[in-house]
Amino acid sequence: MSAWLPTAPCTPQTCVEAPAAVRARTVPRAVLRLAAVLLLLLAGIALTPLGWGSLRLRGRIPASLVRRWCRWIVRAAGVRVRITGAAAPTGGLLLVANHISWLDIPLLAAVRPARMLAKTEVRHWPVAGALAARGGTLFIDRDRLRALPGTVARIAGALREGAAVAAFPEGSTWCGRAQGTFRRAVFQAALDAGVPVQPVRIGYRLSDGRATTAPAYVGDDTLLASLWRVATARGLIAEVEVRNPVPPSAGPDRRTLARAAQPPDTTAPAWTHTVLVA
C-alpha cells in the first residue's frame, strides 16, 4: 500500500460503540432487514441498465424514484432518514460528504443520483460491487499515484457532460465523532469542468438524540459485522444536511475549494478520541 494514502485512526475496538446484548427475538427481525436490503440491491442491479449507468440511457428511471429507492435501502436496514437543506442543483455537480459508513453511499444518492467515485476494491464486494460497476461508478486505484491525473480527467469529463459525481474526499471512513481532512485532488475536477461543489454532512444519532458510532465501518471492521450491527440496533437515525453549493469561483485553487466544502467539526467536546490522544 502506498504511503500517501489517507488513513484514519478509527478502529472498531476503540471507536465503535459495543452493541447491547442481542435478544433472541431481535435476530429474526435483523435477518428480515438484511434480506430486504439484499432484495432492494438485486432490484437495483437489474434496473441499472435502464437508469443512471450511462448518459445515453440516463433518465429512463426518474431521479425521484432513484432517490426514493436509496432511502428505502437505508430504511430497510432499520435506519430512519432525515434530510435537511435545499435540493441539490441540476447539471454538472460534484457532491462531497464526510464518510462514516456504507450507509453513506445510498444516503448521498438520496440527495441526488450520481456516479460514485470509489476505490477499486469495491468492485469485489458481494452484490454491492456489481451494482456499483453497472451503475457507472468511477473507480480509482489508490495504490497508483501516477493514475491520479487520469482519474481526475475522467471525473472532469463526466462533470462537463452534465453528470453528478459523488465522492468522499476524506479518502477513508472515520467513526463520526472524529473526522478527516478533505483531500484536494477531486476538487480539481470541479475546477477544470467549471461546476459547483455540493457539500453534504452525514451523521448518525439514536432516537434519544445522542450521537452514535454504531453504523461506522472503520479500520479492520468487516462489512458483515457492520451490517449486523446496524440491523440489530434500535432507534438509529441518519441525519443528512445538504449545505449551500460552493461555486467554482469561490476559490482560486483546489485547496481553497476543498476548505470551503469541508464540513464543520461538530464533535462533542466531552468525547475524547482514544487513538488520537495516544
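Reply: Let us begin with a crossing. In this predicted model, α1 passes α2 in a left-handed crossing. The axes of α1 and α2 come within 8 Å and cross at roughly 160°. An angle over 145 degrees counts as roughly antiparallel, and α1 and α2 are therefore roughly antiparallel to each other.

Me: Which residues of α1 and α2 meet?

Reply: On the side of α1, the residues are R33, A36, V37, L40, L41 and G44, and they meet W69, W72, I73 and A76 in α2. Sorted by class, this contact of α1 with α2 has eight nonpolar, one polar and one charged residues.

Me: At what angle do α1 and α7 pack?

Reply: The angle between α1 and α7 is about 120°, and their axes are 9 Å apart. The helices α1 and α7 are therefore oblique to each other. Their crossing is right-handed. Here T26, V27, A30, V31, R33 and L34 in α1 meet L227, W228, V230, A231 and T232 in α7. By class, the contact of α1 with α7 has eight nonpolar, two polar and one charged residues.

Me: Which residues of α7 are buried?

Reply: A residue counts as buried when its relative accessible area is under 20%. In helix α7, residues 223-232, the buried residues are L223, S226, R229, V230, A231 and T232. The cover over the buried residues of α7 includes α1 and β7.

Me: How many residues of helix α3 are buried?

Reply: Seven of the eight residues of α3, which spans residues 104-111, are buried, and the helix is mostly covered. The buried residues are D104, P106, L107, L108, A109, A110 and V111. They pack against the helix α2 and the strands β1, β2, β5, β6 and β7.

Me: How many helices and strands does the whole protein have?

Reply: The protein has nine helices and seven strands. Of its 278 residues, 47% count as buried. Among contacts with a separation of 6 or more, residues 24 or more positions apart account for 78%.

Me: How do α5 and α6 cross?

Reply: The axes of α5 (residues 148-160) and α6 (residues 185-193) come within 8 Å and cross at roughly 40°. That angle makes α5 oblique to α6. The crossing of α5 with α6 is right-handed. From α5, the residues L148, V152, I155, A156, L159 and R160 meet A185, V186, Q188, A189, A190, D192 and A193 in α6. By class, the contact of α5 with α6 has ten nonpolar, one polar and two charged residues.

Me: Where is V195 found, and which residues does V195 touch?

Reply: V195 is found in the loop between α6 and β6. At 8% relative accessibility, V195 counts as buried. Leaving aside residues up to four places away in sequence, V195 touches G92, L93, L94, L159, A190 and P248. Two of these contacts lead back to the previous pair of helices, as L159 belongs to α5 and A190 to α6. The C-alpha atoms of V195 and G162 are separated by 9.0 Å, although these residues are 33 residues apart along the chain.

Me: Is R255 buried, exposed or partly exposed?

Reply: R255 is partly exposed, with a relative accessible area of 44%. Its place is in helix α8, residues 254-261. The C-alpha atoms of R255 and A185 are separated by 8.7 Å, and the two residues lie 70 residues apart along the chain. A185 is one of the residues of α6 that α5 meets.

Me: How many aromatic pairs does the structure hold?

Reply: The general idea comes first. A pair of aromatic rings is described by the distance of the centres and the angle of the planes. This structure holds one aromatic pair. The rings of F182 and F187 have their centres 6.2 Å apart and their planes at 25°, so the pair is stacked.

Me: What relative accessible areas do F182 and F187 have?

Reply: F182 is buried, with a relative accessible area of 4%. F187 is also buried, with a relative accessible area of 0%.

Conventions. Residues numbered from 1 in each chain as written. Predicted model: local features only at pLDDT ≥ 70, side-chain atom pairs only at ≥ 80, totals over all residues. Heavy atoms only, no water. Axes fitted to C-alpha atoms, helices over the stretch in contact; angles between N-to-C directions. Helix = DSSP H or I, 4+ residues; strand = E, 2+ residues; numbered from the N terminus. Parallel < 35°, antiparallel > 145°, perpendicular 65-115°, else oblique. Left-handed = near helix turned anticlockwise from the far one by under 90°. Contact = heavy atoms within 4.5 Å. Nonpolar A, V, L, I, M, F, W, Y, C, P; charged D, E, K, R; others polar. Buried < 20%, exposed > 50% of the residue type's maximum accessible area, 1.4 Å probe, protein only. Phe/Tyr/Trp six-rings, centres within 6.5 Å; stacked < 30°, edge-to-face > 60°.
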